[in-house]
Each structure stands twice: as structure tokens, then as C-alpha cells.
Amino acid sequence: PKLAVLTAYDYPTARMLDDAGVDLLLVGDSLGMVVLGLPDTTGVTMEMMLHHTTAVCRGVKRAPVISDLPFASYLTPEMAVENARRLMDCGAACVKLEGGVDMAE
């Protein structure tokens, strides 16, 4: 089966997408460019991701929320786990990071 996965950065968008039946919502570090006007994603902080993840999670009743670990928030496996827990404490069902096989550890 196909899944609809869309990005949300705030409460009203999350509510609308959840009500529309979107399967999964992503809080992407792309919020740096799309919402905050940064030149790229490297300026997105963990605090920014926590803030936006909390807002999105408040807006959903059924769709699981995926949240990105931002740049430099997973330099070690221990750091990755700690920051992933912080996002999950905000309500994220799962956490995504960039790097593929190089980040498998």
C-alpha cells in the first residue's frame, strides 16, 4: 500500500493534514529555509526542532509524527540517542537523521 507523508512545521498545518487523513507527518529540518529564512539546514538547532515538533504533535490526533535530528545533533551514537529521546518526549513517534550507512552505528 502507498503512504501519504507530508511535511508540517506548525500546529495549524498539522491539524489540517491530520484531519485530511495524511498517513505520516514529517517535521523536517527544512523548516530552516521554509519557515525561518535560513540559507540552508545547517543553522537549524535542536531547540528549533523541539519547538516545531511540539507544535506539530499538539495538532495531530492520529498520524504518527517523524522528526528530523538537525545538523550536528548526532555526532556520536550517545548524542544521537539523547537528542532522539528529546524529540520523542515532545511527541515524535520516530526520528530521522541524514547519512545512511555512514551513520548506521
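Reply: One point before we start. This is a predicted model.

Me: Why is Lys-2 called exposed?

Reply: The relative accessibility of Lys-2 is 81%. Exposed means over 50%. Lys-2 therefore counts as exposed.

Me: Where does Lys-2 lie?

Reply: Lys-2 is in the segment before β1 (5-7). Its C-alpha atom is separated by 25 Å from that of Met-88, 86 residues apart along the chain.

Me: What makes Leu-50 buried?

Reply: Its relative accessible area is 13%. The cut-off for buried is under 20%. So Leu-50 is buried.

Me: Which residues does Leu-50 touch, not counting those up to four places away in sequence?

Reply: Leu-50 touches Arg-86, Leu-87 and Cys-90. Leu-50 itself has its place in helix α3.

Me: Why are α3 and α4 called roughly parallel?

Reply: The two helices pack at an angle of about 25°. Angles under 35 degrees count as roughly parallel. Therefore α3 and α4 are roughly parallel to each other. Their axes are 9 Å apart, and the crossing is right-handed.

Me: Which residues meet where α3 and α4 are in contact?

Reply: From α3 come Met-46, Glu-47, Met-49, Leu-50 and Thr-53. From α4 come Asn-83, Arg-86 and Leu-87.

Me: How do the residues of this contact divide into nonpolar, polar and charged?

Reply: Four are nonpolar, two are polar and two are charged.

Me: What makes a set of residues a nonpolar core?

Reply: Its members are buried nonpolar residues of listed types, joined through side-chain atoms within 4.5 Å. Here the largest such core has 22 residues. Those with the most contacts inside it are Ala-14, Leu-25, Val-27, Met-49, Val-56, Val-65 and Leu-87.

Me: Which elements give two or more residues to this core?

Reply: They are α1 (11-19), β2 (24-27), α3 (46-59) and α4 (77-89). The largest share, five residues, comes from α3.

Note on methods
Residues are numbered from 1 along each chain as its sequence is written. This is a predicted model: local features need pLDDT of at least 70, side-chain atom pairs count only at pLDDT 80 or more; totals for chains, interfaces and linings use all residues. Side-chain values use heavy atoms; hydrogens and water are left out. Buried means under 20% relative accessible area, exposed over 50%, partly exposed in between (1.4 Å probe, protein chains only). Helices (H or I, at least four residues) and strands (E, at least two) are DSSP runs, numbered from the N terminus. Axes are lines fitted to C-alpha atoms, for helices over the stretch in contact, and angles run from 0 to 180 degrees between N-to-C directions. Angles under 35 degrees count as roughly parallel, over 145 as roughly antiparallel, 65 to 115 as roughly perpendicular and the rest as oblique. A crossing is left-handed if the near helix is turned anticlockwise from the far one by less than a right angle, and right-handed if clockwise. Contact means heavy atoms within 4.5 Å. Ala, Val, Leu, Ile, Met, Phe, Trp, Tyr, Cys and Pro count as nonpolar, Asp, Glu, Lys and Arg as charged, and the others, Gly among them, as polar.
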